[in-house]
Amino acid sequence: MQTFTAPISGNYKLEVWGGASGKRLQGNTILNNDYGIGGYSYGYYSMNANQVIYVSVGGKGDDGQFQSRNKGGWNGGGDGEWDHADDESMAGGGGCTSVQISLKGDGQLFNYESVRNTDVLIVAGGGGGGGFGNQYGGGETGSIPEVRINNKPTDLYELKQATQDSGYAFGQGQSAITDFTGVVNTEIPGGGGGWYGGYTIIPIVNETFVKAGGGSGHIGTMLTNGATIAGNQTFPKPKGGTETGHSGDGYAIISWISASL
Ligand SMILES: [Ca+2]
Ligand SMILES: [Ca+2]
């Protein structure tokens, strides 16, 4: 958590990028292209000189590690888990990046549920673990999980996604289970953090392979001319140019625009 103190009164542009998930381990090898990507949000907010806002930059989820649980990124990424069979391990989800007008707890978004409509300015969703580059954070909605059993599509599981009104939990992506009793060789990553966090799947049969959902983004009503863009769309890259989805840790930029409030 970082603070920003307005040096002068005026209108400021807030830009936030959600964190990516970690990368998937398959056959004890990290798959460099298999991770979920973060979304992007922006909007304009007027501040008086010396006003403080609180910037919570989402962390990248941990990569899958051999026979390990893999932590989600700071600010709401859910934990991933190894397959409890051989040499696969699923990544932690990416944390969201959020900006608030107060400090609650350690500044992670899930602390703000009771004041979410008054104190949270903006959120960009984090990517879900599991990969293939399309497990994106929001946007108005994060990506929906995908599931295969024995490497084939299945409709055994109900799939839900994070939206503006619902998700796994406010500010928190779902974590993989820790008890694999009764399910053999299942691969369960963590959901992405967000306004609402993304879902993963509770495995109920052997050989379940999951790509977890990303978290949703959000624009607070105190902002003007804002938008939240999902990670499967193209948007500005923090240091120039454009990107389709955000990789690595999240990012935040606050820019002074004009002296008029
Ligand atoms: Ca294997
Ligand atoms: Ca395996």
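**Entry 1: Asn185 and the calcium pair**

I began with Asn185, which counts as buried at 13% relative accessibility; buried means under 20% relative accessible area, exposed over 50% and partly exposed in between, with a 1.4 Å probe and protein chains only. A reminder to myself: this is a predicted model, where local features need pLDDT of at least 70 and side-chain atom pairs count only at pLDDT 80 or more, while totals for chains, interfaces and linings use all residues. Residues are numbered from 1 along each chain as its sequence is written, chains are lettered from A and ligands numbered from 1 in the order in which they are written, and side-chain values use heavy atoms, with hydrogens and water left out.

Which residues coordinate the calcium ion (ligand 2)? I found Asp83 (OD), Asp86 (OD), Glu88 (OE) and Asn185 (OD1), at 2.1 to 2.5 Å. Donors here are N, O and S atoms within 2.8 Å of the metal, or 3.2 Å for Na, K and Ca; water is not among the atoms, so sites may look incomplete. Along the chain, the donors of ligand 2 follow the spacing D-x2-D-x1-E-x96-N. The pair links distant parts of the chain: Asp86 sits in the loop between strand 8 (80–81) and strand 9 (97–100), and Asn185 in the loop between strand 12 (152–153) and strand 13 (208–211), 99 residues apart. I took strands as DSSP runs (E, at least two residues), numbered from the N terminus.

Next I turned to the calcium ion (ligand 1). Its protein donors are Asp86 (OD), Asp87 (OD), Glu88 (OE) and Glu88 (OE), lying 2.3 to 3.0 Å from it, and their spacing along the chain is D-D-E. The two calcium ions are 3.8 Å apart, with Asp86 coordinating both. How do the accessibilities compare with the cut-offs? Asp86 is partly exposed at 33%, Asp87 is partly exposed at 26%, and Glu88 is buried at 12%.

**Entry 2: Asn206**

I stayed in the loop between strand 12 and strand 13, where Asn206 also lies. Asn206 is partly exposed, with a relative accessible area of 36%. A polar atom of the Asn206 side chain lies 2.8 Å from the backbone nitrogen of Val184. Leaving aside neighbours within four places in sequence, Asn206 is in contact (heavy atoms within 4.5 Å) with Ile149, Gly182, Val183, Val184 and Thr186. I also checked Asn206 against Ser21: 185 residues separate them along the chain, and their C-alpha atoms are separated by 24 Å.

Three strands form an open sheet in the order 12-11-13, with antiparallel pairing. Strand 12 and strand 13 stand at the edges, each with a single partner strand, so one side of each is left without a neighbour in the sheet. Strand 11 (residues 146–149) pairs with strand 12 over 2 bridges, and Ile149 stands opposite Lys152 there. For pairing, DSSP must find at least two bridges between the strands.

The other open sheet I looked up has 5 strands in the order 1-6-9-10-14, again antiparallel. Its edge strands are strand 1 (2–5) and strand 14 (218–219), each pairing on one side only. I then walked along it:

- Strand 6 (residues 52–56) pairs with strand 9 over 3 bridges, and the partner of Val55 in strand 9 is Val99.
- Strand 9 is joined to strand 10 by 4 bridges, and the partner of Val99 in strand 10 is Ile122.
- Strand 10 and strand 14 pair over 2 bridges, with Val123 opposite His218.

How many residues of strand 10 (residues 120–124) are buried? I counted 5 of its 5.

The largest nonpolar core has 13 residues, and Leu14, Tyr45, Ile53, Val99, Leu121 and Ile122 touch the most other members. A nonpolar core is a set of buried Ala, Val, Leu, Ile, Met, Phe, Trp, Tyr and Cys residues joined through side-chain atoms within 4.5 Å. Strand 2, strand 5 (40–47), strand 6 and strand 10 each supply at least two residues of this core. Beyond four places in sequence, Leu14 touches several residues, including Tyr45, Ile53, Leu121 and Ile122.

Last, I looked at Asn11 in strand 2 (residues 10–17). Asn11 is buried, at 14% relative accessible area. Its side chain makes a polar contact with the side chain of Ser46 at 3.1 Å. A polar contact is a pair of N or O atoms within 3.5 Å; within protein, one must be able to donate a hydrogen and the other to accept it, and residues adjacent in sequence count only if both atoms are side-chain atoms.
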